[in-house]
Amino acid sequence: MDGPYGVFLLRAEDTERVFIGGGVGISALRSQIIQTINENKPCFLFHSAKTLEGLTYHSEMEKLAAAHPNFKFFPSLTGEPVPDVWKGMKGRINVSVLKE
């Protein structure tokens, strides 16, 4: 295992923020996401898990995205099989996904 790297704090001068988390790793990001929404800054969350149940705070993030146009939520499932009802992304979050 390697990382994480960098500084884990919000800077007032940020004009937008991108968050990337996996599984319960979103727990540490949740308060920063809410703070960013409250500051009315553009905010993007890429969150992946093996199963739908593993997408911690999934329904809360969906509700936040629906209520706040500056917040975009991109959940992704990495496990197989992906449920038929799933309409989100499939597979791991990587550089090519972020560029899209």
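**Exercise 1. Determine the strand order of the sheet and identify its edges.**

Solution. The open sheet has 4 strands in the order β1-β2-β3-β4, paired in parallel; two strands pair if DSSP finds at least two bridges between them, and strands (E, at least two residues) and helices (H or I, at least four) are DSSP runs numbered from the N terminus. β1 (17-22) and β4 (89-90) each have a single partner strand, so they stand at the edges, with one side of each left without a neighbour in the sheet. Between β1 and the parallel strand β2 (residues 43-49) there are 6 bridges. Within this pairing, G21 has H47 of β2 as its bridge partner.

The model is predicted: local features need pLDDT of at least 70, side-chain atom pairs count only at pLDDT 80 or more, and totals for chains, interfaces and linings use all residues. Residues are numbered from 1 along each chain as its sequence is written, and side-chain values use heavy atoms, without hydrogens and water.

**Exercise 2. Describe how α1 and α2 are arranged relative to each other.**

Solution. The axes of the two helices, α1 and α2, come within 12 Å and cross at roughly 10°; axes are lines fitted to C-alpha atoms, for helices over the stretch in contact, and angles run from 0 to 180 degrees between N-to-C directions. α1 is therefore roughly parallel to α2 (angles under 35 degrees count as such). On the α1 side the contact (heavy atoms within 4.5 Å) is made by R30, I33, I34 and I37, and on the α2 side by E60, M61 and L64.

**Exercise 3. Locate the cis peptide bond and the non-glycine residue with positive phi.**

Solution. The cis bond joins E80 and P81, with omega at about -5°. P81 belongs to the loop between β3 and β4. The positive phi, about 60°, is that of N40, which is placed in the loop between α1 and β2. For context, most residues other than glycine have a negative phi, and most peptide bonds are trans.

How values were computed. Angles under 35 degrees count as roughly parallel, over 145 as roughly antiparallel, 65 to 115 as roughly perpendicular and the rest as oblique.
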